[in-house]
Amino acid sequence: MNKVYNINLGGYPFTIDEDAYNHLRSYLEAIHNHFRTTEGYEEITHDIEARLAELFVEQLNNRPIVGFQEVEDAIAIMGRPEEFGADPMSEGESYTEGAHTSAGGTDAKFKIKTGKRLYRDTEDSVVGGVAAGLTAYFGIADPIWVRLFFVLIVISGGIGIPLYLILWALMPEAKTAGDRLAMRGEPINISNISKIITEEFEHLSEKMTELGEELAGKKKVRAKMTTTTRALRSGSLL
């Protein structure tokens with residue numbers, strides 16, 4: 001008879017047996033140790049834990065306790081530590097023999113929901129992210145074409161505005177890295193979660209740099225205008 005533990009993973013409460021708990025803990029320790037010095041560490045590990053929780057919910061299907069096999073299947077989908085460059089898990093090899101699979105989960109024993117999911121992409125939005133979400137879902141190169149479509153049916157007297165509002169209400173916002181990967185139809189594993197969050201941090205850093213340069217340019221213009229105004233008032237430029 002195994003002990004069981006009550007845990008909270010990614011905001012979900014679970015009851016998990018002792019072997020599964022130790023296996024999951026070793027896996028999470030390997031993940032945290034690998035990303036601890038990475039920019040976006042908290043976001044990456046939070047989204048990984050949230051995705052593991054989603055996988056457990058899908059696997060359990062109303063069963064009460066997470067077992068060792070559920071943890072192994074979730075790891076097979078997310079990727080083993082050595083597959084994304086981390087140190088191997090510290091537990092005994094007896095846990096993992098015969099269970100190695102590739103990232104993406106093609107050998108996992110349970111079936112997960114696949115395919116793209118429709119979300120509002122507020123990271124690339126002009127109004128509410130509907131057009132950007134449709135662009136990602138349908139694989140359109142640039143959201144400008146979807147936005148032009150809405151503009152055209154609005155100015156032609158069509159149902160553009162009501163259609164946009166309905167889609168806004170129906171489409172959930174892509175809040176996590178997993179949501180944004182599902183929106184694009186990409187595998188939700190550790191490699192892709194860390195990649196997309198790192199890209200977002202780099203994009204944010206570039207935006208902040210551009211904003212800083214823009215503000216610095218405006219400050220220089222204001223300083224020059226102030227100097228010129230003072231010179232005119234003092235008559236040195238007349």
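Seven aromatic pairs occur in the structure, which is a predicted model. One of them joins Phe 149 and Phe 150. Their ring centres lie 5.7 Å apart, and the ring planes meet at 65°, so this pair is edge-to-face. Phe 149 counts as partly exposed, with a relative accessibility of 45%. Phe 150 is buried, at a relative accessible area of 7%.

Phe 150 also pairs with Tyr 164. Here the centres are 5.3 Å apart and the planes stand at 80°; this pair is therefore edge-to-face. A single aromatic cluster is formed by Phe 149, Phe 150, Tyr 164 and Trp 168.

The strands were examined next. An open sheet is built from three strands, in the order S1-S2-S3, with mixed pairing. Strand S1 (4-9) and strand S3 (65-66) stand at the edges. Each has a single partner strand, so one side of each is left without a neighbour in the sheet. In general, strands of a sheet pair through backbone hydrogen bonds, in either a parallel or an antiparallel manner. S1 pairs with strand S2 (residues 12-17) in the antiparallel sense, over six bridges. Val 4 stands opposite Asp 17 in S2. Helix H1 (residues 18-35) packs on the sheet and touches S1, S2 and S3. The direction of H1 makes about 120° with that of S2.

Terms used
Residues numbered from 1 in each chain as written. Predicted model: local features only at pLDDT ≥ 70, side-chain atom pairs only at ≥ 80, totals over all residues. Heavy atoms only, no water. Phe/Tyr/Trp six-rings, centres within 6.5 Å; stacked < 30°, edge-to-face > 60°. Buried < 20%, exposed > 50% of the residue type's maximum accessible area, 1.4 Å probe, protein only. Pairing = 2+ DSSP bridges. Helix = DSSP H or I, 4+ residues; strand = E, 2+ residues; numbered from the N terminus. Contact = heavy atoms within 4.5 Å. Axes fitted to C-alpha atoms, helices over the stretch in contact; angles between N-to-C directions.
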